[in-house]
Amino acid sequence: MSRKRAIRVLIADDHRTFAEALRTAIDLEEGLKVTGIASDGNAAVEMASGSAADVVLMDVEMPRKDGIAATREIVAARPEARVIMLTAHESDALVGRALEAGAAGYLSKDRPMREVARAVRTAFEGRPLIDPEESDRLLQRFRQRREAGNAARTRVERLTPRETEILQRLADGLSQEEIAAILGISRHTLRTHLQNILTKLRVRSRLEALAEAVRYGKVRLEAEDHPTDGSPG
């Protein structure tokens with residue numbers, strides 16, 4: 001009777017101490033074998049292909065290429081591979097992104113090592129790590145948020161050069177009187193521009209409008225132009 005092959009596990013985590021501790025714990029488990037440790041996202045993609053790992057334990061925050069992007073590439077190249085995301089900070093948005101990228105599930109880094117081994121076996125067998133209804137809910141919520149973000153970005157991109165300039169002047173800390181004087185327009189015309197901005201961005205205040213414009217790169221805050229060098233003032 002032939003001996004059953006061990007489940008091959010690749011650990012992708014840039015925190016070497018944690019990765020080595022995880023390797024030791026997994027190698028002590030019967031039927032599991034760590035094939036390597038990747039310290040960045042690009043290495044994880046390369047090693048997942050080269051080592052033909054059955055299950056990849058992927059840290060979300062990785063240098064060179066984040067864990068979500070690396071997961072997407074691994075699953076696209078080897079659909080039979082199972083990727084389990086490891087995270088120190090759980091959130092619905094993060095889990096939704098991981099599931100959409102093709103992850104089999106996720107685990108908090110503070111879970112006991114025995115739970116990690118159980119999750120590896122579960123994923124390898126093709127069984128879900130997350131209740132299917134919960135998985136569907138998280139995916140739907142993530143996609144709704146992404147669609148809302150795309151719509152907001154589109155609205156910001158539709159700002160005219162004059163509207164963008166007005167928002168930039170506000171971000172620079174100028175008053176409405178100063179902005180009107182610089183642009184050579186009346187305060188009434190400026191108020192009309194501001195109202196058009198609020199309507200176009202579907203927000204209720206100038207502060208919200210500024211937040212949207214900054215979020216999508218249309219306006220820069222003054223602090224971004226003058227980074228501190230850490231020297232005493």
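**Notebook: pockets, cavity and a lysine**

I looked up the second largest pocket, and about 180 Å³ of space lies in it. The model is predicted; local features need pLDDT of at least 70, side-chain atom pairs count only at pLDDT 80 or more, and totals for chains, interfaces and linings use all residues. Residues are numbered from 1 along each chain as its sequence is written, and side-chain values use heavy atoms, with hydrogens and water left out.

Terms, for my own use. On a 1 Å grid over the protein atoms alone, a pocket is an open set of points with protein on both sides within 12 Å along at least five of seven lines, a cavity is a set where a 1.4 Å probe fits but cannot get out, and lining residues have an atom within 4 Å of a point. Points are joined across faces, edges and corners, and a volume is the space filled by probe spheres set on them.

**Second largest pocket.** I listed the lining as Y106, L107, R111, E115, R118, A119, T122, L129, I130, E134 and L138. β5 (105-108), α5 (113-124) and α6 (132-157) each supply at least two of its residues (DSSP runs numbered from the N terminus: helices H or I, at least four residues; strands E, at least two). The largest share, 4 residues, comes from α5. By class I have 6 nonpolar, 1 polar and 4 charged residues (Ala, Val, Leu, Ile, Met, Phe, Trp, Tyr, Cys and Pro are nonpolar; Asp, Glu, Lys and Arg charged; the others, Gly among them, polar).

**Largest pocket.** I noted a volume of about 250 Å³. Its lining has 11 residues, with K4, R5, A6, E30 and G31 nearest the centre. The classes are 4 nonpolar, 1 polar and 6 charged.

**Cavity.** My search of the whole structure found 1 cavity of 30 Å³ or more. V60, M85, T87, L94, V95, A98 and Y106 line this cavity. α4 gives the most to the lining, with 3 residues. I found no charged residues there, but 6 nonpolar and 1 polar.

**K109.** I found the charged end of K109 over the ring of F18, 4.8 Å from its centre (NZ of Lys or CZ of Arg within 6 Å of the centre and within 35 degrees of the ring normal). The side chain of K109 also makes a polar contact with that of D59, at 3.4 Å (N or O atoms within 3.5 Å, one able to donate a hydrogen and the other to accept it; sequence neighbours count only if both are side-chain atoms). D59 is in strand β3 (residues 55-59).
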